[in-house]
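Subject: A structure for you to look at

Hi,

Here's the structure I promised to pass on.

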Amino acid sequence: MAVKNFVVGLFDDEAVLFPAVKKVRTAGYKLHDVYTPFPVHGLDHAMGLRESSLHTAGFIYGITGTTTALSFMSWVFNVDWPLNIGGKPHFPLPAFIPITFELTVLFAAVGMVMTFCWLCQIMPGVKKHIFHPRQTDDKFVMVIELTEKTNAEEVKSFLQAAGAHDINEQQAEAGWWFGRFDKDDEPYLRKVKPVNA
């Protein structure tokens, strides 16, 4: 896991945040993330995020459910346990439609929820660094990652000119890790105890 340096700026209003995001991208700074207390329409486009492919995943899961249902029922009625029920065909497609529909919806729904949780990294036990305690309460937080070419003081003055306040520099784990907020420190803060020889 990589520990990186960030400059964090706090905004009070999305009307100030939105142009600031565009200015940060135009200036060429590496925008780590923007935390908002509610969805801001068009912010993902301003941040340069691509459109979600969750709908494609849902289609694939749905087709998998349809294929599973039809394959299993046709295997049961034709190969595993073929029965002659009143001379009816072994593959009665109209009778299979309700079960096929249900499995299509089940696979698509469960698969999309699991994919969404994986993409957003919100599975049980996953921890991420909290850059500001009010980042999803009533404030808007912009986090800019510092690279080798980026000067922290320059970024701070840039954010202040863009309308941010409470600007600070933090060192944090860029990814996520498993643990509990009430028990574990973040991995980079754990102190190694000296071993007595």
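One term before we start: two strands count as paired if DSSP finds at least two bridges between them. Also keep in mind that this is a predicted model.

With that in hand, look at strands β1 (residues 3-11) and β4 (residues 140-145), which run antiparallel and are joined by six bridges.

Now for the whole sheet. As a bit of background, strands of a sheet pair through backbone hydrogen bonds, either parallel or antiparallel. Here, four strands make an open sheet, and going across you meet β2, β4, β1 and β5 in that order, with antiparallel pairing. Which strands sit at the edges? Those are β2 and β5 (165-173), each of which pairs on one side only. On average, neighbouring strands in this sheet are turned by 25° against each other, if you ignore direction. Helix α1 (residues 14-27) lies across β1, β2 and β4, and runs at about 15° to β4.

Next, the largest pocket. Its volume is about 1,200 Å³. There are 31 residues lining this pocket, and D33, M47, L49, L119 and C120 are the closest to its centre. What kinds of residues make up the lining? They split into 16 nonpolar, nine polar and six charged.

Where does the lining come from? β2 (30-35), α2 (43-47) and α4 (93-120) each supply at least two of its residues. β2 gives the most, with five residues. Domain 1 (3-51 + 125-190) and domain 2 (54-120) each put at least three residues into the lining.

Terms used. Residues numbered from 1 in each chain as written. Predicted model: local features only at pLDDT ≥ 70, side-chain atom pairs only at ≥ 80, totals over all residues. Heavy atoms only, no water. 1 Å grid on protein atoms, 1.4 Å probe; cavity = no way out; pocket = protein on both sides within 12 Å on 5 of 7 lines; lining within 4 Å. Points joined across faces, edges and corners; volume = space filled by probe spheres on them. Nonpolar A, V, L, I, M, F, W, Y, C, P; charged D, E, K, R; others polar. Domains from an automatic or database assignment. Axes fitted to C-alpha atoms, helices over the stretch in contact; angles between N-to-C directions. Contact = heavy atoms within 4.5 Å.
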